[in-house]
Amino acid sequence: MSKYVKAIFDSISNTTIAFLKHDISLDIEDIATGVTFDYTDKEYISAVSFSADIKIYFVIYMDRELSNHIYKIFFPMELEASEKLELLKELPKEIANTIAGLSISSFPVSYQKAILSPPIDIDKNLSKKFSSSKQIRTNRGIFTYEIFVVD
Amino acid sequence: MLNIMIVDDSTIIRKTLQMKLESIGFNVVAQAKSGKEAIELYRETLPDLVTMDITMPVMNGIEALKQIKKSYKDAKIIMITSHGEENMVMEAIMNGAKGYVLKPITEEKLTKAITKVYPECQNM
């Protein structure tokens, strides 16, 4: 893994943890690395990509408890059930986009013009060149993410 | 009371903006999911201000800004942007955007950006 790719991975990781701690005010109880991330049948999952001379994917998954907690922070008032359902479904996209956007400013300088994609569907058959995954257990649920470069 | 149109492809952002703008005291008169829809709704509602996302499918915020400004020279449009979009923000400003708000969106940031366009809103 090149030093630049490692630096980008570290930026995204650090931003993720900072976001959960400071923007969502969560306590981080445990962080497991190298977790196997199965994308199938996950409810609250989203992915974005960064394009520079390499393409880096950032995929997140929040469990139901965490998704509901973050939803209540965004929308503390009562909403109709159908509206709440739609917002919950969209929430991971916004979280992935926000963390990804915040992380760019700490990328190596030559990668700070990386173009961030809108939320994308993940192709499970992508051939991953380098990847890093973490499962973060918080006091309000579990946040899992994977960062990878494709061949 | 200012009439505001929200333009963003994210349901979360549209709802968040609606909540925050209405809590400050503004009136949200329309919401568009794309630049193309924004142009149509602008024509119908003639809002006092537009909050415009930059990256959207079908037509992005900068193209929508240009087209609205072409027909409505006095249109007041503020861009809503993420980090990493600085070049696009500059392009928007050069094409007549009145300012920008960087995500995450807060009421303070919204009020500050809107007050630059409508100073009379300072005490809201």
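Helices here are DSSP runs (H or I, at least four residues), numbered from the N terminus. Axes are lines fitted to C-alpha atoms over the stretch in contact, and angles run from 0 to 180 degrees between N-to-C directions. This is a predicted model, where local features need pLDDT of at least 70 and side-chain atom pairs count only at pLDDT 80 or more, while totals for chains and interfaces use all residues. Residues are numbered from 1 along each chain as its sequence is written, chains are lettered from A in the order in which they are written, and side-chain values use heavy atoms, without hydrogens and water.

In chain A, the axes of H2 (residues 64-74) and H3 (residues 81-104) come within 10 Å and cross at roughly 100°. H2(A) is therefore roughly perpendicular to H3(A) (65 to 115 degrees). H2(A) supplies A:Ser67, A:Asn68, A:Ile70, A:Tyr71 and A:Phe74 to the contact (heavy atoms within 4.5 Å). H3(A) supplies A:Lys84, A:Leu87, A:Leu88, A:Leu91 and A:Ile95.

## Helix packing in chain B

H2 (residues 35-45) and H3 (residues 61-71) of chain B pack at about 25°, with axes 8 Å apart. That angle makes H2(B) roughly parallel to H3(B) (under 35 degrees). B:Gly35, B:Ala38, B:Ile39 and B:Tyr42 of H2(B) meet B:Ala64, B:Gln67 and B:Ile68 of H3(B).

## Between the chains

Contacts link 13 residues of chain B with 18 residues of chain A. Two salt bridges join the chains (a side-chain nitrogen of Lys or Arg within 4 Å of a carboxyl oxygen of Asp or Glu). A:Glu83 forms a salt bridge with B:Lys15, with the closest N and O atoms 3.0 Å apart.

How values were computed. Helices (H or I, at least four residues) and strands (E, at least two) are DSSP runs, numbered from the N terminus. Angles under 35 degrees count as roughly parallel, over 145 as roughly antiparallel, 65 to 115 as roughly perpendicular and the rest as oblique.
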